[in-house]
Amino acid sequence: MIHNSPLADVSSKSTGIFDAAGFSQHSNGEPYINGKLKAEWKFLTDYLSKLGLDGLKERQLRATRMRHDDGATYNPFDNSGEGAGCWSLDTLPLVMTAKEWRQLETGLVQRAAILEKIVADVYGPQKLLKEGIIPPELIYANPGFQRDCHKMEPAGGRYLNLFAFDLYRDSTGKFRVFRDHGSFPAGLGYILENRIITSRIFSDLYQKVDICRLANFFHTVQQGLQKNLSLTPTDSAIVILSPGQESPFYFEYALLSRYLGYPLVESQDLTVRDSKVYQKKLAGLERVEIIIRYLHDEQLDPFSMQTGSNLGVAGLFQAVREKNIIIINSPGSSFIDTPALGTFMPQICRTIMGEDLLIAPHPARWCGRKEDKNFVTAHRELFDLTNGLVSHHLAAREPIDIFSKQSHECLAREVLDSTVVPSLTPNGIRPGYALYRFFGCATEYGFSFMPGALVISSHDRSTLVSGSADNQMSKDLWVISDSPVEPFSLIEGMKTVVDIKRSGDLASRTADNFLWLGRYLERAEDAIRLIRAIYHRLTSETRPENSPELPFLLNLLRMRGMLPPAANEDKVLRPVSTLVVQLNDALFRKEFNTSVVNTLIAVQNSARRVRDRLSQDCWKSIKRLDDFIVRGNIDTLDLLDQTLYNLNSFSGLAMESITRSLAWRFMDMGRRIERALNHVELIDIGLHRRCSSTSNALEALLEVADSIITYRSRYRTRFMIEPVLDLLLVDETNPKSLGFQLAQLSEHIEHLPRSTDQKFKTPEEKAILAMLTSVRLLDLGTTWKEGEEEIELEPMYAFLDTIREQLLDFTQSITEHYLSRIPATSHFATLHNK
Amino acid sequence: MKYSIEHITEYAYSEPASLSYNEVFLQIRNTPVQQVKQYAVDITPTPLKVLERVDFFGNVCRTYMVQQPHQKMRIRSNCIVETLKHPSLNPGASSDWQLTAQQLAEPATEEQLDASQYIYKSPLTVIDKEVTAYAAPSFPPGRPVLEGALELMTRIFTDFTYDKSATTVDTSVLQVLRKKRGVCQDFSHLCISALRGLGLAARYVSGYLETLPPPGKKKLVGSDASHAWLSVYTPEYGWVDLDPTNNMMPNEQHVIIGWGRDYGDITPVKGVVMGGGIHNLSVSVDMNQIK
């Protein structure tokens, strides 16, 4: 039925928002075909016309904000934190009828079946090669052909489990395949995020129209994986392996992990023992049975691939060969990404399926064939030359000179003849170009595809084909069902899965990051407090010379390497202007390792590494540290106050959201370790000063140690060394004392997972017990002689030194026991002799 | 000739290594010119399991893991092998090199197809104008392929200096060509690259060569070494070995472990170690004739 909704219908209204860009002339695009609106678009154009351009723009803004809040636009490489991110969302969706989808799906399923047979063949009997269906260059000269995967049959029998194909509509409106993604389904998290957002901002429409839901697909994926698990799977049975938080796509991995309920791991979280794969957790190793990897083939096993990459798990391939692990997708499956393979697909399909290829490939000629090379040379202007063997993720972006390369490396692609799609720009709706990324998965009964697509769009064709994700846009594709859809919410899935999977155990790497997060937080807070105290004294009514604790404070900064050493301690205050410059450097100079700004960046980085464990609010207060890092025209003292406030609010929120969990324990241990170390140093310097200078030194010490009020209320006496040290070292009821920090550490240690019930067995238990005992037994009455004038401080200094060393040993033991930070190195026996 | 070969690779670590994962290509292959009579490999500390597999090129590969803390690891590979005199060849009777290259570019038989996998560049070899230009004078049009290859081998032997200190595992073929220095592995990679640049098939061979002490002196224990050379494909004689380091066609004194596209495919011993600090590697090979 031709739907009679001519352009005039829309453009006649002042709110018609498709008219400005002249869509009617693009006869075979979206939403107009032959100058007429496609029937399936009617509900959407009606809706948009009612909404108007401003209304649409307002929703776009909301969407951008939502994506930003979810972290989808966050680019970890960009320290300012406001990077564009990958595939920013153009909210205006595309639509497709269920009828067209079913037809397309048949073609996609056929393609998946062929590609799986190709992978099985090239790593197995190689019949396609021997029978001349695939030319030898495509295998032997192909860096994507992994010889290590020779005869490697996947457990479960599937090479391709979760993958994606990029298609486009040619000028006749028919879909063609542009490229394949065999290693992993890149973009699966983004389609999820896009759908969550479009369904929310167009909720009025989304509820009314029967749009095929995506949740079923994820459910199918989960079921498909589940049936491959053993009878008693661990929490780590299925993991998502990411290249790490530096990846621009980290958001996607974290989202999928939350949504599917599979832990997100990195290479160093996994280890192979007896050809089985385990995740390293605090309580020990946990068996992994399936890995959904977001690493490329050549990054999977550092050992087999000789790439020198520090990603991957040594011995992983051996585990695959022994059928002890399922990797999704099977190593070597990026062979199907080989660009030149597309030109052979029609014939391969006839050979192995005995039928015609349903979806035609993008027209291209492989220059390894003489006739094709000659044709391309004669008609150079018709083609874009690319590397035909190296799959897109490895291929250099620069154009290839056909004559400088061996011709079998060249693929001459016809210029992309794609139709236009409407894309939302700040100037209204304009024509753009689009690739449709369709996602497929293996099921018991064959392959199944998600009814929808991550539409990657761009204002010009070359950005579409060769641009990177951060200068492309993305859109949602709505497949309009012809029967009522089951109400299956994506968000629901998200809620239920997360809770089930939070067990008492913690990945070692996560614990490690929490420990460091705690240390950096404390370090930053302490340094800011210190500098703020100095600023207060420099700007107060009292002359700096008359502020007894000022030199002490400066000394503390100096000990931490935050200020240059002073030649003569008494002269440091003059001139004050020099000091202010030095303090400024201590705060803001990124070149100084110890500066506050670098510590805050370290806080952010550690927090980012555990972002999947932090609540949205926690994360926001971490992000607000950007104010300090970017440093606008704010008064320094205000900035310090505000940053302290942000740090405190993070601690408060973290306390609430991760209370008493193992993660919190590690974070708090980090804090206590750092605080104890700082405290020891503080007392050490304070006592030294007391010998060399004024009688106000004890007051200054208490002041800096934030214990002066406690002292006054408790002792109501002048400052005497014995009670001062008692308060700062021994008194476990003073939350600022060393004893308090040690008692806290001891309590944490008691609650960590252990392999034996016997107490005080591990080095860290012994270390903390030793420290705590020596503090408790510290006899302040006899450590020095009575009479303030001739105090023997040497034993006290020795005590402080011992504690400092024990603290460092303790930290070392924790790291060795619970957190595996041992570096791995590779070695090669070389040939040195004749 | 019958040889007994003992190849010991030993790693000493400055700190205990908690875990190491290793892959070794040490087992000698059977070929028409050599027969393995006995083979054994012995690893300390003893791994739980040693897995054996045949790789893409038909070589035997062993992988194993040492899972207890260790400061030393030793791999002792022992074999008795009988080598035969290689059949004598007539280089002048081999095919025109261009014809050979043509056949490899469009392989018609299974043998040609199999050989054709060695005409492309590989991770440690290159196809490069400069390298190809170096080979060109030895390959005028119409020259028999083996004649050209032998001349190229002799030129490398004459033009290049054997120098252990000149290169490392990471030195590229181009650097070797420019420096004119290197070790057996470098000369083999260079010669392979040069031949592949002409469209010919060449593969890397890992093995041993018996060294003889200077006249009147006693052979030193451990003085032999693992060695490397290459093979070039000829339609008449199949794969023919060439040793550019010694300017000779390998014969009874050469024992083949296996082959691949380059050193990376058949590295004798490689591994990943967790911890271990500084590694100290020592290798000794003893190759003795037995009656």
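Mentor: Start with α28(A) and α30(A): their crossing is left-handed (the near helix is turned anticlockwise from the far one by less than a right angle; clockwise would be right-handed). This is a predicted model, where local features need pLDDT of at least 70, side-chain atom pairs count only at pLDDT 80 or more, and totals for chains, interfaces and linings use all residues. Residues are numbered from 1 along each chain as its sequence is written, while chains are lettered from A and ligands numbered from 1 in the order in which they are written.

Helix α28 of chain A covers residues 763-776, and helix α30 of chain A covers 794-818 (helices are DSSP runs of H or I, at least four residues; strands are E, at least two; both are numbered from the N terminus). They pack at about 160°, with axes 8 Å apart (axes are lines fitted to C-alpha atoms, for helices over the stretch in contact; angles run from 0 to 180 degrees between N-to-C directions). α28(A) and α30(A) are therefore roughly antiparallel (the cut-off is over 145 degrees).

Now the contact itself. α28(A) brings A:P763, A:E764, A:A767, A:I768, A:A770 and A:M771. α30(A) answers with A:I803, A:Q806, A:D809, A:F810, A:S813, A:I814 and A:H817. Contact here means C-beta atoms, placed from the backbone, within 7 Å. By class, this contact has 8 nonpolar, 3 polar and 2 charged residues (Ala, Val, Leu, Ile, Met, Phe, Trp, Tyr, Cys and Pro are nonpolar; Asp, Glu, Lys and Arg are charged; the others, Gly among them, are polar).

How far to trust chain A? Its mean pLDDT is 82, and 83% of its residues reach 70 or more (pLDDT is the predictor's confidence in each residue, from 0 to 100). Residues 830-834 of chain A fall below 50, with 14 contacts beyond near neighbours in sequence.

Chain A also meets chain B. That contact takes 27 residues from chain A and 46 from chain B. On the chain B side, β12(B) gives the largest share, 7 residues. The classes on that side are 24 nonpolar, 16 polar and 6 charged.

An automatic or database assignment gives domain 1 (2-84 + 267-289) and domain 2 (91-264). In chain B, 19 residues of domain 1 touch 17 of domain 2. On the domain 1 side, β13(B) supplies the largest share, 4 residues.

How values were computed
Two residues are in contact if their C-beta atoms, placed from the backbone, lie within 7 Å. Angles under 35 degrees count as roughly parallel, over 145 as roughly antiparallel, 65 to 115 as roughly perpendicular and the rest as oblique.
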